Amino acid sequence: MDEEYMEIKPRERVLYARNRQPGSRPAVVGGKPITEEAAIELRVTAFGTAACPPRGEWIHTPLIMRPCDQLGYGLAAPRNGTRSLLSALQAHIIKWLLFDSRPMTKDNKSIVPPDSYLRPTEERQEEALWRACSEVIWRCGSSNQPEPRAVVALPATQIYVLHSSQYYQDGITEMLHIFDFKSLEDLQIFIKRYLYLFQSEEGSGALLLLYACILSRGCENIIKDLDGKLTYLLSTAAEGSLNVTTLLLTGRATPYLHNGVQYVGDEDHYAMPQFGVLGRSAVGLLVWYGNDDSHTPNFSNQYPGSRLKTPALPIWVTGCSGHYGVLFNTNRELLRNYHAERRFDIHYYTCGGCHVLLNVDTRAQEDQGPLRNDDISATPLEKLILTKWQDAKITWSGSAPFAGDSP
């Protein structure tokens, strides 16, 4: 299906008007209309079937930021099957606000207090959103690919795939136009132009982002990534599949969280390679299963290797007993400076509006020992943090007004 996409070559730079009127909504033009074969393959790769409609939350979950004065760095979404995708996107929004957009001095210190970057204006909210979307889409298209590329699918007004026994219309997939990009810059311009389609309250921003990541990685590659652990990307878990999270973080929908490649076999079977995380991630991942691993059955008893536990920046997507959130610290040097990591504050946020601040102390204590993962008094979130800082003492410093989710 790749040859059917409209290709925007680097030398044929597409220019869009920069001084658009506020609230303008340009129509989707160009691209290649989706075919029945491509629509069926896309739905089967994502949801396992095209003969039944997707779960309703994928059709009705947009990408909406909270009010600027109320956790303005955060996405706002109900608890549903899109949470694993939105949490990975949320981590990249925080990454851009806190680190990528933050001017630094020569000694790598921030010019202004880092917490001020967590109170963005509406303009910075929008820029963080389209930059984060572009980053994860581009990563999916450039991971282990000979030529980096990205594919985005946006709905127009015309229906191209009719309802049939093989395809059940969902109001979005059958109306898609497919666009192909060869540079990150062109992709960013395009996402910025059509960001309203991702943000519209009656829109399907989560589904459009999911489709872009799948198409950029390639449906065949997604199935190969899953390695037989699943036959399609999503799962029936209440807050979504961890495979979606690994797709956005690493560019591959791997069910394996270990570093590199491990060969698994026994005396009766040839050793087969299991491809885990092939490079250090900019954003990390921490997982705590608790006593019930039914939320992520294909990840049972798997914990992230060092490439996910110690990312380039102090931001982690968290999967805690099936609930997704984001842990982050505002100090860029946290994971590079032993002294900074001895005692520090860490934020925890979920797209449901829960925000708490915790203090992590890794220094040896004489009067009282550290928490342990088997300590029945420790909360699931504390046990998750202990998978990274095993000898830490954790105290809760406070919480924000929103409490949409339980940490």
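Modeller: What follows is a quick tour, from the whole chain down to single side chains.

Colleague: Before that, what kind of model is it, and how are residues numbered?

Modeller: It's a predicted model, where local features need pLDDT of at least 70, side-chain atom pairs count only at pLDDT 80 or more, and totals for chains, interfaces and linings use all residues. Residues are numbered from 1 along each chain as its sequence is written, and side-chain values use heavy atoms, with hydrogens and water left out.

Colleague: What's the mean pLDDT of the protein chain?

Modeller: The mean is 87, and 83% of the residues reach 70 or more. pLDDT is the predictor's confidence in each residue, from 0 to 100.

Colleague: Where does pLDDT stay under 50?

Modeller: Residues 1-20 are one such stretch, and the model has 37 contacts for them beyond four places in sequence. Contact here means heavy atoms within 4.5 Å. Residues 400-404 also have pLDDT below 50, with 13 contacts beyond near neighbours in sequence. Where pLDDT is low, the predicted coordinates should not be read in detail.

Colleague: OK, and the overall build? How many helices and strands?

Modeller: The protein chain has 11 helices and 12 strands. Those are DSSP runs numbered from the N terminus: helices are H or I with at least four residues, strands are E with at least two. Of the 407 residues, 54% count as buried. Buried means under 20% relative accessible area, exposed means over 50%, and partly exposed is in between (1.4 Å probe, protein chains only). Among contacts between residues at least 6 apart in sequence, 68% join residues at least 24 apart.

Colleague: Let's do aromatics. How many aromatic pairs are there?

Modeller: The structure holds 10 of them. Rings of Phe, Tyr and Trp (its six-membered ring) pair if their centres lie within 6.5 Å; planes under 30 degrees apart count as stacked, over 60 as edge-to-face and the rest as tilted. One of the pairs is Tyr-73 with Phe-328, edge-to-face at 5.7 Å centre to centre and 75 degrees between the planes.

Colleague: Where do Tyr-73 and Phe-328 sit in the chain?

Modeller: In distant parts, 255 residues apart: Tyr-73 is in the loop between helix H2 (56-59) and helix H3 (83-100), while Phe-328 is in strand E9 (residues 323-328). Tyr-73 and Phe-328 are both buried.

Colleague: And why is the pair of Tyr-194 and Tyr-196 called tilted?

Modeller: Because their planes are at 45 degrees, with the ring centres 6.5 Å apart. Tyr-194 and Tyr-196 are both buried too. They belong to one aromatic cluster together with Phe-179, Phe-181 and Phe-190.

Colleague: Switching to charges: how many salt bridges?

Modeller: There are 12. A salt bridge is a side-chain nitrogen of Lys or Arg within 4 Å of a carboxyl oxygen of Asp or Glu. Take Glu-127 and Arg-131, which meet at 2.8 Å, N to O. They are four residues apart in helix H4 (residues 122-142), so about one helical turn separates them. Glu-127 is partly exposed at 24% relative accessible area, and Arg-131 is partly exposed at 27%.

Colleague: Is Asp-361 buried or partly exposed?

Modeller: Buried, because its relative accessibility is 8%. Its salt-bridge partner is Arg-363, with the closest N and O atoms 2.9 Å apart. Arg-363 counts as partly exposed, at 34%. Elsewhere, salt bridges that share partners join Lys-95, Asp-100, Glu-135 and Arg-139 into one network.

Colleague: What about Thr-173, which residues is it in contact with?

Modeller: Leaving aside neighbours within four places in sequence, Thr-173 is in contact with Ile-34, Ala-39, Leu-42, Arg-43, Tyr-167 and Tyr-211. Thr-173 sits in the loop between strand E3 (150-155) and strand E4 (176-181), and it is buried with a relative accessible area of 0%.
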